Amino acid sequence: MVWIVLLSFLSAFFPPWLCRVLHSRTGWIVALLPAAITAYFARFIEEISSGGTVVESMGWVPCLGIELSFHLDGLSLLFALLISGIGTLVVIYSGSYLAGHYQLGRFYSTLLIFMASMLGTVLADNVITLFVFWELTSFSSYLLIGFNSDQKPAREAALQALLVTGAGGLALLAGFLLLGQAAGTLEISALLAKGDAVRSHPFYVPIFLLILAGAMTKSAQFPFHFWLPNAMQAPTPVSTYLHSATMVKAGVYLLARLSPVLAGTAIWENVVTPVGMITMLTGAFLSLLQTDLKLVLA
C-alpha cells in the first residue's frame with residue numbers, strides 16, 4: 001500500500017508528456033492507473049470482510065515517532081475503492097470534457113496528485129502522516145478549483161477553499177498533537193483501544209473541538225459551508241470527484257475513524273448531530289435559491 005500511494009504521486013509526472021503524444025486518447029491510458037489500484041484493493045474484499053486487516057509500515061521520522069504506516073480495514077477499504085473506482089471514471093470523462101484544452105496534461109497530473117493524497121489520507125495509520133496527506137488534498141484541490149486560472153472567479157474560489165480548509169487543517173494538527181499526548185501514541189490503530197483514557201483526559205474537549213473543526217471545514221459543514229458552492233467554478237470533472245465523491249467525504253471519514261476514541265460523550269452528541277442537521281437544512285434552503293444545477297447540488 002505504501003508503494004501504491006508513492007507510485008501514484010510519481011505517475012503525475014507523465015500525463016503532460018503523454019498528452020503531447022496521444023492527445024485525446026491520453027485519458028484512457030491515464031485511467032489505467034486508478035483502474036489498477038481499484039483491482040488491487042478489490043483483492044482484499046474477502047479478507048477484510050472476514051475481519052482481517054492489512055498493515056504496512058515504513059520508517060519516516062523515527063526520532064519523533066512518525067512512521068509512514070498504512071492500515072487497511074473495512075472503513076479504509078471502502079474509501080480506497082471509492083477514490084480509485086470513481087477516479088477511473090472521472091479521468092476517462094475528463095478526456096472528453098476538456099478535449100483540446102492546452103492544459104489537459106497538467107489537469108491529469110493534478111488529478112493524480114489529488115487521488116494519491118486521498119488514498120494516503122484514508123489509509124494512514126499515523127495521525128501526522130494523515131495530516132500530511134490531508135493538507136496535500138487541500139493543495140491539489142486549490143490547483144484543480146483554480147484550473148481556469150485566467151478567470152478571476154476561479155482564482156478567488158480556489159484561494160477561499162484553500163484558506164478555509166487550510167485553517168481547519170492547522171486546527172486538526174493541534175488536535176492530533178494533543179491526542180497523541182493524551183493517548184501516548186500517534187498510531188491510529190493503537191489509539192482506537194484507548195478511547196476511555198482519551199475521553200477522561202483533561203484535554204478531551206479541546207481535542208474534540210480542534211479535530212471537529214478540521215472535519216467541518218473539509219466537509220463544508222455549517223458555518224464553513226460557503227466555500228463549496230463557490231468551488232463550483234472548477235471544471236465539472238473536478239466537482240464530480242472532489243466535491244461530490246471524495247474530498248468533502250474526508251471529514252466524514254475522519255469522524256468515523258476516530259469515533260471509537262471521541263464518541264459517546266455529551267459534547268459529541270450535542271455538537272456533531274446538530275451541526276449535521278443545520279448543514280442539511282441550510283443546504284436544502286439555499287438550493288431553492290439556485291437555478292444552476294451544480295450550485296443546486298452543492
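User: Quick one before I start: what does buried mean here?
Analyst: Buried is under 20% relative accessible area, exposed is over 50%, and partly exposed is in between (1.4 Å probe, protein chains only). This is a predicted model, where local features need pLDDT of at least 70, side-chain atom pairs count only at 80 or more, and totals for chains, interfaces and linings use all residues. Residues are numbered from 1 along each chain as its sequence is written, and side-chain values use heavy atoms, without hydrogens or water.

User: OK, Thr 185: buried or exposed?
Analyst: Thr 185 has a relative accessible area of 15%, so it's buried.

User: And where is Thr 185 found?
Analyst: In the loop between H9 and helix H10 (188-191). Helices are DSSP runs (H or I, at least four residues), numbered from the N terminus.

User: What's Thr 185 in contact with, skipping neighbours within four places in sequence?
Analyst: Gly 180, Ala 190, Leu 191 and Lys 194. Contact is heavy atoms within 4.5 Å.

User: Which residue follows H9?
Analyst: Gly 184, and its phi is positive, near 80°.

User: Switching topic, where does Asn 148 lie?
Analyst: Asn 148 is in the loop joining helix H8 (127-145) to helix H9 (152-183).

User: Buried or exposed, that Asn 148?
Analyst: Buried, as the relative accessible area of Asn 148 is 19%. Apart from neighbours within four places in sequence, Asn 148 is in contact with His 101, Ala 154, Gln 233 and Pro 235.

Terms used: Helix = DSSP H or I, 4+ residues; strand = E, 2+ residues; numbered from the N terminus.
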